[in-house]
Amino acid sequence: MRETIFEKNLKAMEQWYPDFADLIRQGKYQEDDTNIRTEQSQDGELIFRIETKEKRLYLGGKRNAKDPILMWQERLGEIHKYAPVFLMGIGSGAYLKSMIQNSPKEANIILYEPSVAVFLAALKEIDLSEEIGNRPIGFVVEGLNDTEFLPVVQGVLTLETLEFFICEVHPNYKTAFSGQLQKRMKQLMKYIERFFVNFNTRRLLQGHAAQNVLYNLPYVAQGYHTMQLSKVIPYKGAAVLVSAGPSLNKNMEQLKRAKNHLFMIAVDTAVKPLLKQGIVPDVFITLDGRKPLELLKGAEWLPVVSNPVARYELLDQQKGKKIFFFDGYQLPLDLYVQNGKVLPGVAVGGSVACSGFSLLYKMGFETVILVGQDLAYTDDKSHADGTFRETMPKENTESMIRVKGNYQDTVPTLTNLKIYLEWFADYIKGAKERGNFRVINATEGGAYIEGTELMTLKDAIDEYIGEETDFSARIETMESAFTAEEKEKAYKSLKEIPKQFIEIEKIAQQLKKEYQRVEKIEKSKSKCSQSYQKVIKKIKKLTDQCHGYSGYQLVEETLGTAEYILQTEFFYDQNDVEANDLILQTAAQGIAYSEVLEECAKLMQELSRQMLERADDIYGGKDAEQ
């Protein structure tokens, strides 16, 4: 007997979640009153039409079902390796298929379906076996295993993966299942409310990132970057990367031996305990826009390697050279591009230690010695003593995940640390494939990093210690990448930045008028597709103009990811009641979005004006570097 689509899907599901598949087989679910009909769209795709007591809707394009999915996937762009992806609604399975096919296997995909009837129909009508068998997909279905929603959310969302968080609602689900979706979205947002409860919270945090980038621009314009650093530091021999893992305390005496013999870079959190022991790193590296300033107390004269989004107050207090690298923000890059120069990049693997490691590799060191890179709770501690507290407390690690240890079978760690662990392993593997590269893990504790050699710090220093070199003095000889004329050009460019946000504000006002036109056309009796086409074309043009400004990147981040607003295929059927409602809803969303865009542009104007005041102080002050 030929195997049904339903059986194929359940067999694929069983390899990951046998208990969930058994619930379906045994009929242990609470049915709902949704009736599902299948149809074929005009472009040949199987689509669902649902009917309830109150609504009749298509879950997918009635005419064109393929193009909206391609546009949707294009909008999402490249999915990060560790992205938590929430798809709200399975529909006819097309969006789920596309996400699975276009995302890394490491991405955590969670499918929430508010209707068990729709979910079962998808399993019976759509062959999803290849996609389901590809990786474990977290299925949460109302009336089937809905109590698992929050545990699943808590299992995949961490502070570190929130940066890559994606949540997408299937077309027409907001109308068809508004009550269930609203409930689940509230639960999801509550769990991550520090980031996503409302726009004001997002603006506060993301706006702070924008503030850091803008306020740091005058420092970037001074022209010091990591390639300049590599020119003055000899890369023969080995370099030491000091992190703040709990094993760092074991190695202080040996690190004293390394000073002025091996180039030493410390992560920001490790600086305080190092200085207390009289160990002054040659530079320290920072990334975090919220790094506590007290961690760098007493380190004001140290040179700092930084990305442009690092905490501006921290850079303000540093009197040593500020050495930047490119991290994806366009405005800092523009200062270099306009002068025909390159702002070199450093890999950002999620932690400051990852970036420090990448920096040493790009500086040309063929051997890197890791110290304090535990990536685990060695002796049940999170950090070395002297970082956040004089004596760091022991923590309960019983519920933590466990990974292979350097000197123990397994050690407790957290999801984010495991991500960094895997990043180190991948980076080292790639570096070794490109040439000679040796990584000595002298942490003397913590988690095992694939591709490293275990060695005590004493033995590593004995092997690589060379002639005494005053690295600090060499860093002081660093020259700016910019000539005096190029610095002046960069400074003049800073003065133009507020104008970008003024123009974006004007575009936002025009966008609002166009969305109001959509609303007016839809409510009129003389609707026609030509009118819609004209407005859509204008909206697209205005949106493209926004993207043409480098400063829009900061606006966009502050706003958060905008919804995919225009679903144009619904604009053509003048007799479709659901399409009419959707168009009006789209127009209302567009108007609201335009208003928020305008507000955000005004915020950026103020921040950029304040940036210019800072630039005047930096360039005009007697302490400004020449």
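These questions and answers cover the fold, surface and selected contacts of a predicted model.

Q: What is the radius of gyration of the protein chain, and what would a compact globule have?
A: The protein chain has 626 residues. A compact globule with 626 residues would have a radius of gyration near 25 Å. The value for the protein chain agrees with that: 28 Å.

Q: What does the C-alpha trace span along its principal axes?
A: The span is given along the principal axes of the protein chain. It comes to about 80 × 60 × 40 Å.

Q: What share of the residues counts as buried?
A: Buried means under 20% relative accessible area. The share is taken over the 626 residues of the protein chain. It is 54%.

Q: What share of the accessible surface belongs to carbon and sulfur atoms?
A: The accessible surface of the protein chain comes to about 28,600 Å². Carbon and sulfur atoms account for 48%.

Q: How far apart are the mean positions of the positive and negative charges?
A: The protein chain carries 78 positive and 89 negative charges. Their mean positions are separated by 3 Å.

Q: Which kind of aromatic pair do Y112 and F149 form?
A: The count comes to 19 aromatic pairs. Y112 and F149 form one, at 5.5 Å centre to centre. Their planes are 70 degrees apart, and over 60 counts as edge-to-face. The pair is edge-to-face.

Q: Why does the pair of Y112 and F149 tie together parts that are apart in sequence?
A: Y112 lies in strand β5, and F149 lies in helix α7. The pair therefore ties together parts 37 residues apart in sequence.

Q: Is Y112 buried or exposed?
A: Y112 has a relative accessible area of 0%. The cut-off for buried is under 20%. Y112 is buried.

Q: Which parts do the buried residues of helix α4 pack against?
A: Helix α4 covers residues 94-101. Its buried residues are Y95, L96, S98, M99 and I100. The buried residues of α4 pack against α3, β4, β5, α6 and β6.

Q: Which residues is E51 in contact with, leaving aside neighbours within four places in sequence?
A: E51 lies in strand β2. Its C-alpha atom is separated from that of L335 by 57 Å. Beyond those neighbours, E51 is in contact with D33, T34, N35, R37 and R56.

Notes
Residues are numbered from 1 along each chain as its sequence is written. This is a predicted model: local features need pLDDT of at least 70, side-chain atom pairs count only at pLDDT 80 or more; totals for chains, interfaces and linings use all residues. Side-chain values use heavy atoms; hydrogens and water are left out. The radius of gyration is taken over C-alpha atoms; the globule rule is 2.2 Å times the number of residues to the power 0.38. Buried means under 20% relative accessible area, exposed over 50%, partly exposed in between (1.4 Å probe, protein chains only). Accessible areas come from the Shrake-Rupley method with a 1.4 Å probe; for residues, only the protein chains shown count as cover. Lys and Arg count as positive and Asp and Glu as negative; His and the chain ends are not counted. The place of a charge is taken as NZ of Lys, CZ of Arg, CG of Asp or CD of Glu. Rings of Phe, Tyr and Trp (its six-membered ring) pair if their centres lie within 6.5 Å; planes under 30 degrees apart count as stacked, over 60 as edge-to-face and the rest as tilted. Helices (H or I, at least four residues) and strands (E, at least two) are DSSP runs, numbered from the N terminus. Contact means heavy atoms within 4.5 Å.
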